[in-house]
Amino acid sequence: MVYIASPLSGDVEQNLEFARKACRYAIEQDVAPFAPHLLYTQMLDDSSPAERQLGVEMGNQMLALCDELWLCGDRLSAGMADEKALAEQLGIPVHQINAEDILEVDFSATKGMGMLMG
């Protein structure tokens with residue numbers, strides 16, 4: 001299982017789309033991705049400091065269960081830097097995945113299970 005880290009703040013919609021593509025890229029590499037910022041932003045309000053902190057803490061618990069941390073994209077956000085430091089502390093391998101490799105993935109949010117969940 002691979003923990004997917006990529007920026008969230010800024011252009012949130014574009015960054016979430018990039019995270020979805022990063023997960024698809026991971027799937028194509030035959031690994032199971034976990035992207036907390038795709039999951040927890042559906043249930044928690046990232047603009048609320050308390051809820052954001054809760055999401056970070058839950059993400060950190062999941063990171064401890066993952067085999068690797070993938071830093072996706074060409075920018076290391078403050079949150080990603082924290083995730084990297086935790087992974088290193090836990091002895092979890094950290095890999096940098098270039099944005100261009102991820103953006104080459106053929107991905108459409110309307111394909112697959114998304115249509116069934118309708």
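Reply: What follows goes through the sheet strand by strand, then turns to the residues and cores beside it.

The model is a predicted one. Its sheet is open and has four strands, in the order β2-β1-β3-β4, with parallel pairing. The edges are formed by β2 (33-34) and β4 (94-97), each of which pairs on one side only. Strands of a sheet pair through backbone hydrogen bonds, and the pairing may be parallel or antiparallel.

Take β1 (2-5) to begin with. Towards β2, β1 is joined by two bridges, and the two strands run parallel. In that pairing Tyr3 stands opposite Phe34 of β2. Towards β3, β1 is joined by four bridges, again with the strands parallel. Here Val2 has Glu68 of β3 as its bridge partner, and Ala5 stands opposite Leu71 of β3.

In a regular strand, side chains alternate between the two faces of the sheet. In β1, Val2 and Ile4 point one way, while Tyr3 and Ala5 point the other way. All four of these residues are buried.

Next comes β3 (68-72). This strand is mostly covered, since four of its five residues are buried under the cut-off of under 20% relative accessible area. Its link to β4 consists of four bridges, and the two strands run parallel. Two of the pairs can be named: Leu69 has Val94 of β4 as its bridge partner, and Cys72 has Ile97 of β4.

One is made by β1, α1 and β2 and is right-handed. The other consists of β3, α4 and β4, and this unit is right-handed as well. Helix α4 (residues 78-90) packs on the sheet, where α4 touches β1, β3 and β4. The direction of α4 makes about 155° with that of β3.

Now the cores. The largest nonpolar core has 18 residues, and those touching the most other members are Ile4, Tyr25, Leu38, Trp70, Cys72, Ile97 and Ile102. Two or more residues of this core come from each of β1 (2-5), α1 (12-28), β3 (68-72) and α5 (99-103). The largest contribution is that of α1, which gives seven residues. Tyr25 shows how parts that lie apart in sequence meet: beyond its neighbours within four places, Tyr25 is in contact with Trp70, Ile97, Asp101, Ile102 and Val105. There is also a second, separate core of 13 residues, with Phe34, Cys66, Leu69 and Ile92 among its members.

Leu38, another of the residues named for the largest core, lies in helix α2 (residues 36-39). Leu38 counts as buried because its relative accessible area is 17%. Leaving aside neighbours within four places in sequence, its contacts are Leu16, Ala19, Arg20 and Cys23. For one of these, Arg20, the C-alpha atom is separated from that of Leu38 by 7.5 Å, although the two residues are 18 apart along the chain.

Two polar residues complete the picture. Ser6 lies in the loop between β1 and α1. Ser6 counts as buried because its relative accessibility is 6%. Its side chain makes a polar contact of 2.8 Å with the side chain of His37. Not counting residues up to four places away in sequence, Ser6 touches Phe18, Ala19, His37, Cys72 and Met80.

Asn15 lies in helix α1. With a relative accessibility of 14%, Asn15 also counts as buried.

Notes. Residues are numbered from 1 along each chain as its sequence is written. This is a predicted model: local features need pLDDT of at least 70, side-chain atom pairs count only at pLDDT 80 or more; totals for chains, interfaces and linings use all residues. Side-chain values use heavy atoms; hydrogens and water are left out. A nonpolar core is a set of buried Ala, Val, Leu, Ile, Met, Phe, Trp, Tyr and Cys residues joined through side-chain atoms within 4.5 Å. Buried means under 20% relative accessible area, exposed over 50%, partly exposed in between (1.4 Å probe, protein chains only). Contact means heavy atoms within 4.5 Å. Two strands pair if DSSP finds at least two bridges between them. Axes are lines fitted to C-alpha atoms, for helices over the stretch in contact, and angles run from 0 to 180 degrees between N-to-C directions. A crossover is right-handed if, with the strands pointing away from the viewer, the path from the first strand over the helix to the second runs clockwise. A polar contact is a pair of N or O atoms within 3.5 Å; within protein, one must be able to donate a hydrogen and the other to accept it, and residues adjacent in sequence count only if both atoms are side-chain atoms.
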